[in-house]
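Please look through the sequence and the structure below before reading on.

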Amino acid sequence: NGTRVRHADPTHSRIPDEVSQVRKPPVLFLVIPCYREQEQLPITTPILERKMGSLIDAKMISQSSRILFVDDGSQDHTWQVIEGLHRDNPILFHAIRLAHNRGHQNALLAGLMTALEQGCDVAASMDADLQDDVDALDRMLDEHAKGAQIVYGVRSSRDKDTWFKRTTAEAFYSVQAWMGAETIRDHADYRLMDRQALEALSQYHEVNLFLRGIVPDLGFTTAVVEYKRGERAAGESKYPLKKMISFAIQGITSFSAKPLKFVTGAGLLSTLTGIVMLVYTLISLFTGNSTAGWASIMCSLWLIGGMLMLSLGVLGEYIGKIYLETKHRPRYNIQQRL
Ligand code: UDP
Ligand code: MG
């Protein structure tokens, strides 16, 4: 009997341990970059407010969790709309205003770094247009509770995107894969990161920011949550074709020097072609058929000229990047805080 009691004792003493292991709900900062979203925000915020409320009620996040808007230097009334929201609910709605438009990626970073600075446990980023399903947040938090430090939201289908956006995205991922840069397929910037991951991110000082490439590079324990991507409710996409192309070039040149190798290969090939041409011309000279040369000379001129120009272009792309990085300029300036 005595041994049995002693045997039972350790199990009893383990109970308080387990109780103390029940984690406190994490403080969540929901970071929303906004650029000219005055029409969209009044639609978005009630949904987010309800979501945050239900997450707090379910004890999945702490009561001091908040929504952090980043106004990316909008020229319209986005900031005034945010100010109104903050007046109505100063506990939930916080905001920073960038001094001028720095683009989606820099706005996101500004928000994430502010969240880190203000003591969040986890920060999730989401677009203002709610194309990302807010209900996936529950599952992201579940994954976090199970130990994931970075949780990626991945679109399970893209049928709400236009045919054009789908095909160009597909092509982009293929090129990226071929370049050897690690990105998560069909993951936009809907993700959750814990403090440790955010701190690691704060050590990346590059000006040419491509978070979808940097975050997988951080490592840590990761998980993926799938969701259906919806349509933008109001306003138009802030990513016109021009921005999309430059974003894709950014994504490739920020993570890989392969285009340089490709150019070297192309240069080698064109040199070899030139040598073959030369041999052919010499032979035709000695065999007396030297009149037929005009076309081939013109062809090779154009060919080599083209290759040279291409190489210069790619080199310029990288040198431009080096130039920007060496200046170590701040990536954003915060003008106002709420
Ligand atoms: N955005 C931003 N700065 C910009 C462009 C966009 O902060 O210069 C924000 C925008 O308000 C939105 C998110 O980035 O919350 C994604 O933009 P959008 O929905 O227009 O892009 P798409 O979904 O069409 O790729
Ligand atoms: Mg969108």
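Buried residues make up 30% of the 338 residues in the protein, where a residue is called buried if 20 or more other C-beta atoms lie within 10 Å of its own, exposed if 12 or fewer do, and partly exposed in between, with C-beta atoms placed from the backbone. This is a predicted model, in which local features need pLDDT of at least 70 and side-chain atom pairs count only at pLDDT 80 or more, while totals for chains, interfaces and linings use all residues. Residues are numbered from 1 along each chain as its sequence is written, and chains are lettered from A and ligands numbered from 1 in the order in which they are written.

**Confidence**

The pLDDT is the predictor's confidence in each residue, from 0 to 100; its mean for the protein is 83, and 89% of the residues reach 70 or more. Confidence is lowest in helix α1 (residues 2–21), at a mean of 44, and highest in β1, at 97. Over residues 1–20 the pLDDT is below 50, and this stretch has zero contacts in the model beyond near neighbours in sequence. Where pLDDT is low, the predicted coordinates should not be read in detail.

**Overall build**

The protein has eleven helices and eight strands; helices (H or I, at least four residues) and strands (E, at least two) are DSSP runs, numbered from the N terminus. Two residues count as being in contact if their C-beta atoms, placed from the backbone, lie within 7 Å. Among contacts between residues at least 6 apart in sequence, 85% join residues at least 24 apart.

UniProt, in an unreviewed entry, places the feature "domain: Glycosyltransferase 2-like" at residues 30–198, and for "transmembrane region" the unreviewed entry lists residues 262–286 and 292–319. These positions are given in the numbering used here, feature names are shortened, and annotations may be inferred rather than shown by experiment. Two of the annotated spans can be set side by side.

A nonpolar core is a set of buried Ala, Val, Leu, Ile, Met, Phe, Trp, Tyr and Cys residues joined through C-beta atoms within 7 Å. The largest one has 55 residues, and those with the most contacts inside it are Leu30, Val31, Ile32, Leu68, Val70, Ala123 and Ala124. Not counting residues up to four places away in sequence, isoleucine 32 touches Ile67, Phe69, Val70, Met126 and Ala128.

Which residues of helix α3 (residues 78–88) are buried? They are Thr78, Trp79, Val81, Ile82 and Leu85. These residues cover an arc of only 160 degrees around the axis, which puts them on the same side of α3; the arc is that of the directions from the helix axis to the C-beta atoms. On the other side of α3, Gln80, Arg87 and Asp88 are exposed. The buried residues of α3 pack against β1 (28–34), α2 (41–57), β2 (66–71) and β3 (93–98).

Helix α4 (residues 104–117) has 14 residues and reaches 20 Å from its first C-alpha to its last, close to the 20 Å expected at 1.5 Å a residue, the expected span being 1.5 Å times one less than the number of residues. Ten of the 14 residues of α4 are buried, so this helix is largely enclosed by the rest of the structure. Among them are His104, Asn106, Leu108 and Thr114. Just after α4, glycine 119 takes a positive phi of about 85 degrees.

**Single residues**

Most residues other than glycine have a negative phi, and most peptide bonds are trans. Lysine 59, in the loop between α2 and β2, has a positive phi near 60 degrees, and this lysine is exposed, with 10 other C-beta atoms within 10 Å. Leucine 130 has a positive phi of about 60 degrees although it is not a glycine; leucine 130 sits in the loop between β4 (122–125) and α5 (136–145) and is buried, with 20 other C-beta atoms within 10 Å.

Arginine 191 is found in strand β6 (residues 191–194), and with 27 C-beta neighbours inside 10 Å this arginine counts as buried. Leaving aside neighbours within four places in sequence, arginine 191 is in contact with residues including Ala124, Ser125, Tyr152 and Val215.
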